[in-house]
Amino acid sequence: MFSRRKWMKVLGAGMSALDGWGQGPLRFPGKRPMLVQNDFPEDLETPVEYFDTWITPNDAFFVRQHLPRPKVDAGSWRLKLGGMVSNPLTLTLDDLKKMPQVKVPATLECAGNGRANYRPKVPGLQWSKGAMGNAEWRGVRVADLLKKAGAAAGAKYGNFNGADHGVAKTPDFIRSIPMRKLMHEATIVALEMNGAPLPEIHGFPARLIVPGWDGASWVKWVTEMDLSEESSKGFYFATAYRYPKFSPAPGSAVKPEDMEVLEGMALTSYFARPAHGSTAKKGSPLRLQGVAYAGENRVSRVEVSTDGGSKWIDAKLSPQNYPFAWRLFTFDWTPSAQGYHILCSKATDSAGRVQPVECPWNPGGYMYNSIDRIGVTVEA
Ligand code: MTE
């Protein structure tokens, strides 16, 4: 039974407090049970066991937003392209639908995924492994829009705003993306996610897809693209989502001038199955499986260890091998010894990068990508 004091605490702290009391994950409309980092605005983590398919279904896809989710009316929504262009545009959803559409499979990961693993702890959402997902996005190339608007040769950035607004001390979410990335054929304004119109929570009616770059650039509910020689001076570009130019000692402060904007993604792999802490039977075959992604590169290899990293064996990679999209890996293991086993996964990519045993600490808690480790007890 809840005491009156506990109820007051729930009402005061928001529903997420219920989760803290062991009530299990709360349900959000259109979502399977998720791990709730925040209930308002919704920040929802995908439980790692959902990562057993190449495409992460929309109802299992993680959610991250800094500000209350806007309600966008498709009829009155407009996308404005302005700034350093010869032909400023105000486009309706129908205008965008009439333009050539391309499909881009790509993995979306929040820069803070894995933050919970850093020591000393870093403030911010304590994502474990599930602030990531892989989807097929469909929409209009940004390069086509820039051509239509007559982008000036001197423009260096597209500054993007969405329909969400700053609230109290939380500023508006505005992101700048350099022209070289905007002109890439896989950078799109998506109208669809996995064959369906973008769900409201993922940016309906249109969001930016910046394949191979961390999620902060993937502006949802996008309404404005302003070309400029200058990048945004706003908090979410000029201050947040910055990474040290050289590794600081864990826990130390880094001067703003020694930080740079995050571009790209870390090479990462995670086990989806078996669950950490689960049990297996000696002599019974068990399939280990997970996902690996490499930002703008491709995953070329995943190795697995069943003895805490002494011996490594190649895992099998799924046939899907696209730039920007993750690959699934599987490894069939028949445990031959009783006891607690530490299973590890380690990815290598097409640029020769290898996942580190321990990735560098940084004050934002971004880009976590240490070799994944889970523990399984093998019973006789
Ligand atoms: N776009 C807007 N307008 N507002 C936001 O707060 N969050 C960004 C990005 N786009 C954000 C946004 C961040 S930090 C991430 S990780 C991704 O959206 C998450 O996308 P998702 O919720 O569809 O998974």
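Start by selecting Asp 314: at 41% relative accessibility, Asp 314 counts as partly exposed (buried is under 20% relative accessible area, exposed is over 50%, partly exposed is in between, with a 1.4 Å probe and protein chains only). A quick note before moving on: this is a predicted model, where local features need pLDDT of at least 70, side-chain atom pairs count only at pLDDT 80 or more, and totals for chains, interfaces and linings use all residues. Residues are numbered from 1 along each chain as its sequence is written, and side-chain values use heavy atoms, with hydrogens and water left out.

The term means a side-chain nitrogen of Lys or Arg within 4 Å of a carboxyl oxygen of Asp or Glu. Arg 301 is partly exposed too, at 36%.

Next, pick Arg 287 and Asp 332, another salt bridge at 2.7 Å, N to O. Arg 287 sits in strand E17 (residues 286-293) and Asp 332 in strand E21 (residues 327-333), so the pair ties together parts that are 45 residues apart in sequence. Strands here are DSSP runs of at least two residues, and helices (H or I) of at least four, numbered from the N terminus. Asp 332 is exposed at 52%, while Arg 287 is partly exposed at 44%.

Jump to Glu 263 and Arg 180: their closest N and O atoms are 2.9 Å apart in a salt bridge. Arg 180 belongs to helix H5 (residues 179-182) and Glu 263 to the loop between strands E14 (259-261) and E15 (268-273), so this pair joins parts 83 residues apart in sequence.

Last stop: select Glu 42, Arg 69, Lys 71 and Glu 200, which are linked in a network of salt bridges.
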